[in-house]
Every structure is written in C-alpha cells, then in structure tokens.
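Here is a friendly note to read alongside the structure. Please keep the view open and turn to each residue as it comes up.

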Amino acid sequence: MGLREPRALPGRMSVGSLLVAGGRWRCFPVPLRSFLIQALHSSCCWKKSDAPKKITPNAAFYDENTKEPGNALDKLFSSEQQATILHVLNTASNKELEAFRLLRGRKSINIIEHREKFGPFQNLESLMNVPLFQYKTTIQVCNSILCPETGGKKRKFQDNRLLRKLIKPEIERERFKAVNSIVSIVFGTRRVAWAHVDRKLAVLDWQQNECCQLMKGTYISSVYLQEISSVISKMPKADFYVLEKIGFSIQNSSRFPVVLHFHIMEAMLYALLNKTFAQDGQHQVLSMNRNGVGKHFELMIGDTRTSGKELVKQFLSESVLKEQPRVVFPPEKIVLYRQMFSSTEQHRTEELYDSLLQAVAFYELAVFDTEP
C-alpha cells in the first residue's frame with residue numbers, strides 16, 4: 001500500500017517562503033543549507049510510492065557502511081595527528097586500547113589480530129580493513145584517540161548519572177557538599193526507625209518507634225497523621241531527611257495494601273518534614289533507592305537484599321576496637337546503642353539497621369564522593 005500524501009498544516013511555511021523570510025536563511029552554511037532544502041523539499045512534496053524518497057547526504061553526513069575511496073581519512077587529520085593515532089594503534093596493548101571507550105570489546109581485539117597478521121598500520125585508511133571499522137566509526141575512533149576523555153571528567157559524569165538514579169529529587173551538588181547532618185528514615189508496616197548522623201559519621205541519635213495501628217482496618221488519614229506526627233516530633237533538626245525508597249511492583253495485586261501504605265507514609269513524611277518548601281522552594285526531604293544502598297554495602301544477591309544486621313554489628317565493634325572506625329558511636333551512647341542492638345537481635349527489626357546503613361551510604365556516595 002502506498003504512502004499517504006501529508007496534509008498541509010496551518011501556520012507552516014513553504015520552502016520558498018522559508019528561503020526569503022527575513023533573509024535569515026542565508027546565515028546557514030552552504031552545505032547545511034543545501035541539505036535542509038533537500039529535506040524540506042522531500043517532506044513537502046512526498047508523493048505516493050512504495051517507499052519514501054531517499055535523501056542523499058552531502059560531505060558532512062556519512063553513512064556508517066560507506067568506505068570512502070582514496071585518502072579521504074588522511075586528509076581530515078594533520079601529519080602530526082596521523083602520527084599520534086598510528087603510534088597508538090601500532091604500539092598499544094589490548095588493555096591500553098580498551099581504555100578508549102570506542103575500542104572496548106571486539107574492536108580492540110580485531111586491531112591486535114590485524115596488526116599481528118599484516119604488520120603495523122601504514123596510514124589511517126588501512127584501519128578500515130579491520131573488521132567492525134567503517135568510515136564513520138574510524139573517524140570517531142581517531143578523534144577519541146586525539147581527545148580522550150579525562151579520568152576526572154569521565155568519572156564525574158558517571159558519578160552524577162549514578163547519583164541521579166540513587167537520590168530523588170535532584171538537587172545541586174553544592175548542597176550535598178555543605179551537609180552537616182542528616183536524619184535517615186526507614187519505615188515498614190509496623191515501625192519507623194531513624195538515625196541522626198553528622199558529616200564525621202558520628203551517630204548522634206538512633207531509635208525506632210512501633211506503629212502497629214497503621215495497617216489495621218482501613219487507611220484512616222487521621223490515624224496516619226497522629227502516628228507520623230508523633231514520630232516526627234521526636235526527630236532532631238537536620239539539613240536533610242532521607243527516606244528509603246522501595247521499588248515495589250504494583251503488578252502483584254496481593255501486595256497492593258503494602259504498596260499503598262508505603263506511598264501514604266512517604267507522602268505524609270514529605271509534607272510534614274518539608275516545612276520551608278513553600279517559602280524557599282528547597283527540598284529538605286529526599287528519597288534514596290534501597291537497592292542502591294544494598295549494592296554499596298554488597299548486600300545484594302541478584303535482586304534480593306540480605307539483612308544488614310551483621311554489618312551494623314561490625315560497625316558497633318569497630319567503634320570500640322579501632323582508632324579510626326568507619327562509623328563513630330559517641331562513648332556516652334555506645335553502651336545504650338549496643339544494648340538496643342542486642343535487644344533486637346532476636347527479632348526482625350531491619351528498619352533499625354537499614355536507617356543507619358542508609359545514612360552512611362548517603363555520606364559516602366553523595367557527600368564525600370568516595371568509596372570506603
């Protein structure tokens with residue numbers, strides 16, 4: 001079946017009117033101008049046919065499968081640049097080649113094999129004789145060798161991307177760096193736990209509250225407000241309040257009551273803790289991905305996260321035994337916290353453990369930007 005002729009859209013300019021409108025068309029470079037004219041002509045004059053008319057790209061646009069004849073590649077780079085690229089291609093080991101993002105995997109292996117079989121590359125054109133290297137790919141590889149991404153820039157980009165996945169909503173990195181203390185909050189179906197931790201990773205407060213009335217019967221808003229307000233009244237002030245974000249799937253209908261409970265808890269905590277948001281528009285409450293914290297502490301087994309109890313127990317021991325422990329428990333509170341931990345070992349109180357682990361992960365990933 002042939003393609004339909006597109007309808008004329010109101011307010012759209014014709015090619016002719018675009019060429020002369022205000023004389024602005026002349027500000028485009030000639031190659032780009034000719035390419036756009038051809039594209040506009042094809043889109044405006046699309047006739048019935050079995051396939052759309054193919055637009056042939058000019059010299060500025062290359063087909064990935066095209067192998068240009070002659071020495072087109074060599075003409076794109078100066079003699080000094082060619083020498084630099086060829087030196088890398090002819091001397092770099094497989095590991096050194098893989099340091100360039102575009103040469104990872106099979107491409108670096110193919111270069112080594114081609115070098116061993118046919119000898120050093122004599123010019124840039126010969127690189128296109130290597131499997132997986134077409135004209136456009138070769139240009140990109142040559143450019144990446146001349147201007148490799150610096151480790152700092154590359155790592156910063158990766159870290160920012162990971163941070164955006166880990167913590168929501170996005171805020172300025174400067175606010176993370178200026179944090180003095182946070183309250184890390186983890187809630188379940190029966191309890192809410194929080195840890196108040198400063199930037200020295202000293203645990204200033206750490207406790208939990210039972211909230212057994214929330215999942216009984218219907219979801220009564222007044223009960224939620226009463227319970228959550230009571231918990232919040234005991235929490236200290238901090239720069240940020242960090243909530244655990246659990247990625248429950250709503251496809252399992254049997255989990256719907258639990259999913260609804262978690263959404264209600266999260267929404268009410270956001271509303272009650274973001275006290276100054278209406279005035280300054282600055283988020284004080286953040287959500288931190290649960291599995292991201294689990295990966296940081298190597299607690300993940302596939303998609304399942306194991307208990308953090310033993311790790312927290314280790315933190316408590318190291319606070320006494322090590323001169324510079326990873327987490328600091330103030331001497332005047334260490335006995336209290338050890339007793340609290342011992343009293344929970346016989347019960348499943350993961351919220352208490354996770355609130356502390358989340359606080360430590362927040363500082364190490366978002367504030368300090370370092371791995372332990």
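**Notes for a first look**

1. Let us begin with Asn274. Leaving out residues up to four places away in sequence, Asn274 touches Leu269, Gln282, His283, Gln284 and Val285, where contact means heavy atoms within 4.5 Å. The side chain of Asn274 also reaches the backbone nitrogen of Val285, at 3.3 Å. You will find Asn274 in the loop between helix 11 (256-273) and helix 12 (277-280); helices (H or I, at least four residues) and strands (E, at least two) are DSSP runs, numbered from the N terminus. Asn274 counts as buried because its relative accessibility is 12%; buried means under 20% relative accessible area, exposed over 50%, and partly exposed in between (1.4 Å probe, protein chains only).

2. A word on the source. This is a predicted model, in which local features need pLDDT of at least 70 and side-chain atom pairs count only at pLDDT 80 or more, while totals for chains, interfaces and linings use all residues. Residues are numbered from 1 along each chain as its sequence is written, and side-chain values use heavy atoms, with hydrogens and water left out.

3. Now the whole chain. Its secondary structure comes to 16 helices and 8 strands. Of the 372 residues in the protein chain, 38% are buried. Among contacts with a separation of 6 or more, 64% are between residues 24 or more positions apart.

4. Which residues touch the most other members of the largest nonpolar core? They are Ile167, Trp206, Phe297, Phe329, Leu356 and Phe362, out of 41 residues in this core. Such a core is a set of buried Ala, Val, Leu, Ile, Met, Phe, Trp, Tyr and Cys residues joined through side-chain atoms within 4.5 Å. Elements that give two or more residues to this core include helix 8 (151-166), strand 4 (203-210) and helix 16 (350-367). The largest share, 11 residues, comes from helix 16.

5. Phe362 is worth a click. Apart from neighbours within four places in sequence, Phe362 is in contact with Ile167, Phe176, Ile182, Phe240, Val242, Leu286, Met288 and Val367. There is also a second, separate core of 23 residues, with Leu97, Leu124, Leu127 and Met128 among them.

6. The structure holds 1 cavity of 30 Å³ or more; on a 1 Å grid over the protein atoms alone, a cavity is a set of points where a 1.4 Å probe fits but cannot get out, and lining residues have an atom within 4 Å of a point. Grid points are joined across faces, edges and corners, and the volume is the space filled by probe spheres set on the points. The lining of the largest cavity consists of Val192, Cys211, Glu227, Ile228, Val231, Met265 and Leu269. Helix 10 (221-232) supplies 3 residues, the largest share of that lining.

7. Some backbone details deserve a second look. Most residues other than glycine have a negative phi, and most peptide bonds are trans. Lys168 and Pro169 are joined by a cis peptide bond, with omega about -10°. Leu132, not a glycine, has a positive phi of about 80°, and Glu298, also not a glycine, has a positive phi of about 60°. Leu132 is partly exposed because its relative accessibility is 46%, whereas Glu298 counts as exposed because its relative accessible area is 72%.

Technical notes: Polar contact = N/O pair within 3.5 Å; in protein donor to acceptor, adjacent residues only side chain to side chain. 1 Å grid on protein atoms, 1.4 Å probe; cavity = no way out; pocket = protein on both sides within 12 Å on 5 of 7 lines; lining within 4 Å.
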